[in-house]
Each structure stands twice: as structure tokens, then as C-alpha cells.
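Here's a quick briefing to read alongside the structure.

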Amino acid sequence: MHKTTCLKILKKLSATELRRFREYVESPFFNKNERVQTLCALIYEDAPDFDHENLDKKVLFPKLFDNQPYSRLPINNIVSDLQQLLLDFLAYEELSTTPDWNIIPQMKALQKHEMPQLIEQRARRYRQIQVKSTVENAAFFYQQSQFFDQLDKLFLNKQKRGYDKNLQLRNDALDRYYQISKLQIAC
């Protein structure tokens, strides 16, 4: 187990990230597999170095599989599941670094469930956050294009004929995203 990608990643995490990952694994929303939770607890006994001989798969196997004879496939599956949770956790942590990371997915979900008043509420919240934003990079304009796309869909669902400014705003944001991206590549 010492050479697994999972342990290599765990060794790089800060103490706070390690604590939060353990909470993530123990959350029944993200993980219902008790063996994965047990494996995580056993690994954390040797944190933060993760170098103890107790982390050998042959030592861990009987603790996870009730003293059954050792077999590589089941332990590898549990380690793989833990690694996938770790990668999902890292992605979640990366996404949640900005205050507006979840507003556009929320708007998409509300669109699917046909809740226009809540979409407009989330749009107001998004605009409040954007007013405070000082960074206007490629990611900012890409997110803007996604935001205006949701507002355009909201407009279309109202089935009113007329001019929709969100379509042009989305196009402008997308143009800026492409222009900034091209400049970054050129530099």
C-alpha cells in the first residue's frame, strides 16, 4: 500500500485537508461503504507520515475482511474506492475556493425543476458577488457566459416574444473568454 497513489496524495495534504478528507469519507452522503471508512481510519492511525508497516495490504486485509484469506482483488477495490473519494474531495475543495462556485449549477438544477423565482433569486446573489470581484480573467468571463446562458433559458421559458439582452451578454462574455485564453496561450 505504501506505493499507492492514494498514500502519495495523502502525504501531500495539510493537517486541515487531512481532517476534512476524513470527515468527507465518514459522511454517508459521499460514502456509504463501511470498509472504505474502516480503511481510512486504519490509514489515519499512521498519519501524517503514512510510512508504518501496518499499512501493508496483507496486514490491512484481515482487519477489513474479517480474517478471510488474503486476496488482492478485494483490497485493491477498497483502496481504489478510497482513492476515488480522495480525488473527488480534492475537486470539491478546488471548486469551493470561490464564493460563487455553486450558483450556476444551482441555477441549472432550478431550471430543470422549473423554479423561475428561485433562479432569479440566485441570479441576484450572483450579481452581488460579482460586483465585489476584482479579478476579470478567462475563468471569470467563462462563468459569466454560463450565467447569462441560464438567464437566457429563463427568458425563453417565460415564452415572451421580444429582445433578450442575456443572449448578447453571453456572446460578449464568451468572446472575452476566448480572447483572454488566446492571449494567455500566445504569451
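Is Cys6 buried or exposed? In this predicted model, Cys6 is buried, with a relative accessible area of 0%. Cys187 sits at the other end of the scale: at 86% relative accessibility, that residue counts as exposed.

**Cysteines**
- Searching the whole structure turns up 0 disulfides.
- For Cys6, the closest cysteine sulfur belongs to Cys40, but the two sulfurs are 8.0 Å apart, so that's too far for a bond. A disulfide would need them within 2.5 Å.

- As a rule, most residues other than glycine have a negative phi, and most peptide bonds are trans.
- Ala47 and Pro48 are joined by a cis peptide bond, with omega at about 0°. Pro48 is in the loop between α3 (34-44) and α4 (57-64).
- Phe50 lies in the loop between α3 and α4 too. Phe50 isn't a glycine, yet has a positive phi of about 55°, and it is buried at 0% relative accessible area.
- Glu114, also not a glycine, has a positive phi of about 55°. You'll find Glu114 in the loop between α6 and α7, exposed at 69% relative accessible area.

**The largest pocket**
- Its volume comes to about 530 Å³.
- There are 21 lining residues, and the ones closest to the centre are Thr98, Asp100, Trp101, Ala139 and Gln143.
- At least two lining residues each come from α5 (72-95), α6 (103-112), α7 (116-132) and α8 (138-157). The largest share, 5 residues, is from α8.
- By type, the lining splits into 10 nonpolar, 8 polar and 3 charged residues.

Note on methods: Residues numbered from 1 in each chain as written. Predicted model: local features only at pLDDT ≥ 70, side-chain atom pairs only at ≥ 80, totals over all residues. Heavy atoms only, no water. 1 Å grid on protein atoms, 1.4 Å probe; cavity = no way out; pocket = protein on both sides within 12 Å on 5 of 7 lines; lining within 4 Å. Points joined across faces, edges and corners; volume = space filled by probe spheres on them. Helix = DSSP H or I, 4+ residues; strand = E, 2+ residues; numbered from the N terminus. Nonpolar A, V, L, I, M, F, W, Y, C, P; charged D, E, K, R; others polar. Buried < 20%, exposed > 50% of the residue type's maximum accessible area, 1.4 Å probe, protein only.
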